[in-house]
Amino acid sequence: MARLHAQWLAAAIVLYAVDRWIAGIKWRAVYNVDGYRITVASAIDLYLRSSFLGAMLPSTVGPDLVRAHLAARGGSAFAHTLGSVVTDRFLGVVALLVTAMTATVALAPPPLRARAGPIVAVAAALVGVALLVLATPIRPRVDRRRHGPVSRALALAADLHERLKGYGKQRRAIGFALCLACGQQILLTLINWLLALALGLELAPLTMLWVWPLVMIAIRMPFSILGFGVRELALLQLLNAVGFTAEEAVALGVLSGLVDLLFIAIGGGLVLAARETVAAPAAQG
C-alpha cells in the first residue's frame, strides 16, 4: 500500500462518488410513490449521513434503519420510509445475486465455483424467504387504540407488509430501480478493479467481474462492521486461488474499506453541519 498509484486511486474515488449519486436516484425511484416526494440531493444526503450514524451497527441493516428514521423525521410515515429502504436494499440484493451467479458460471474457474456455491445459495435462500413472507397474507389483530410497544410493533409490521406488497403495482419504478442496481454492481466492480491497479496488482478485469460480486455477497451479510474482516477473508480465499498472495488480497480489501470510510467521513461532516432532511410527506387531500 506504500506504493499506491495515485491516479488510479483518484479515479476510483471519483467513480465511488458517481455510485453514491446513482444510489440516491435509485432510492428516490422507490420512495416517490403514493404522493411522497424526496429530491435526489436529499436522498444522497440521507445515504451519506446514515452511513456515518449506522457505521458501528451490523453491515447494511444498521445504516438502512438509520436512513429510514432520518427520512421519517421530515414528516413522512415511518412505514413508508422503511418500506422504501427495504425495497431499495432488496433490489440491490437481487441485482447482486444475478450478477454473481452469471459471472461465476461464465468466468470463474471450475474449482472456485464450488467455493462460491454456498455463499450464493445462502443469499438466494434469504431472498426466497423474503418473497415468501411478502406472498403470505399477514393480518395480525392489532388494537390501534393501545400504545404499548407490542401493539406499536404489530401495527408497524402490518403497515410495512402492506406497503411492500404495494410495490408490486409500481412496475415502472421497480424496473427502473432494478436496472440502476444492476449498473451499480458493474460500477462497484470497476471501482475495485481500479483499486487493484492502484496497488500494482495485475488483476484481469474478467477475474474481478466474478470475484467482486462474491465478495459483496459476503459483506452484505449482517454480521460484520463495515465489512472489515469478512471482505479481506473473502478476497484472500478467492484471489489466493488464482495466484495472488495473501498480502495482495488483504491490501485490496483494506484499501476498499478505507475508500468506504472516506465517504462515511463525508457523511459525518454532514451530520456535524446539522442539515435537516427535506423528505416530504404525502400530499393531503
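Because the model is predicted, local features are given only where pLDDT is at least 70 and side-chain atom pairs count only at pLDDT 80 or more, while totals for chains, interfaces and linings use all residues. Residues are numbered from 1 along each chain as its sequence is written, and side-chain values use heavy atoms, with hydrogens and water left out.

The secondary structure of the chain comes to ten helices and zero strands, where helices (H or I, at least four residues) and strands (E, at least two) are DSSP runs numbered from the N terminus. Read from the N terminus on, the order of elements is accordingly α-α-α-α-α-α-α-α-α-α. Of the 285 residues in the chain, 46% are buried; here buried means under 20% relative accessible area, exposed means over 50%, and partly exposed lies in between, with a 1.4 Å probe and protein chains only. Among contacts (heavy atoms within 4.5 Å) between residues at least 6 apart in sequence, 74% join residues at least 24 apart.

Rolling a probe the size of a water molecule over the atoms shows where empty space is left. A cavity is a set of points, on a 1 Å grid over the protein atoms alone, where a 1.4 Å probe fits but cannot get out, and its lining residues have an atom within 4 Å of a point. Grid points are joined across faces, edges and corners, and a volume is the space filled by probe spheres set on the points. By this rule the chain has one cavity of 30 Å³ or more, and the volume of the largest cavity is about 800 Å³. Its lining is formed by 42 residues, among which Tyr16, Arg20, Arg89, Arg220 and Asp260 lie nearest the centre. Two or more lining residues are given by each of helix 1 (6-31), helix 2 (40-53), helix 3 (61-72), helix 4 (78-107), helix 7 (171-198), helix 8 and helix 10 (246-272), and the largest share, seven residues, comes from helix 7. By class, the lining divides into 21 nonpolar, eleven polar and ten charged residues, with Ala, Val, Leu, Ile, Met, Phe, Trp, Tyr, Cys and Pro counted as nonpolar, Asp, Glu, Lys and Arg as charged, and the others, Gly among them, as polar.

Asp260, one of the residues nearest the centre of the largest cavity, lies in helix 10. Although Asp260 and Tyr16 are 244 residues apart in sequence, their C-alpha atoms are 8.7 Å apart in space. Not counting residues up to four places away in sequence, Asp260 touches Tyr16 and Arg231.

Arg231 also takes part in the contact between helix 8 and helix 9, which is made by Trp210, Val211, Trp212, Leu214, Val215, Ala218 and Ile219 of helix 8 together with Val230, Arg231, Ala234, Leu235, Leu238 and Leu239 of helix 9. By class, this contact has twelve nonpolar, no polar and one charged residues. The axes of helix 8 (residues 205-220) and helix 9 (residues 230-240) come within 9 Å and cross at roughly 145°, the axes being lines fitted to C-alpha atoms over the stretch in contact, with angles running from 0 to 180 degrees between N-to-C directions.

Three further residues show the surroundings of other helices. Ala196, placed in helix 7, is buried because its relative accessible area is 0%. Leaving aside neighbours within four places in sequence, Ala196 is in contact with Leu201, Leu203, Met208 and Leu252, and its C-alpha lies 9.0 Å from that of Ala251, 55 residues away in sequence. Val66, in helix 3, is likewise buried, with a relative accessible area of 14%, and, with neighbours within four places in sequence left aside, is in contact with Ser50, Leu53, Gly54 and Leu57. Trp21, in helix 1, counts as partly exposed because its relative accessibility is 47%; beyond its neighbours within four places in sequence, Trp21 is in contact with Val40 and Ile44.

Key:
On a 1 Å grid over the protein atoms alone, a cavity is a set of points where a 1.4 Å probe fits but cannot get out, and a pocket is an open set with protein on both sides within 12 Å along at least five of seven lines; lining residues have an atom within 4 Å of a point.
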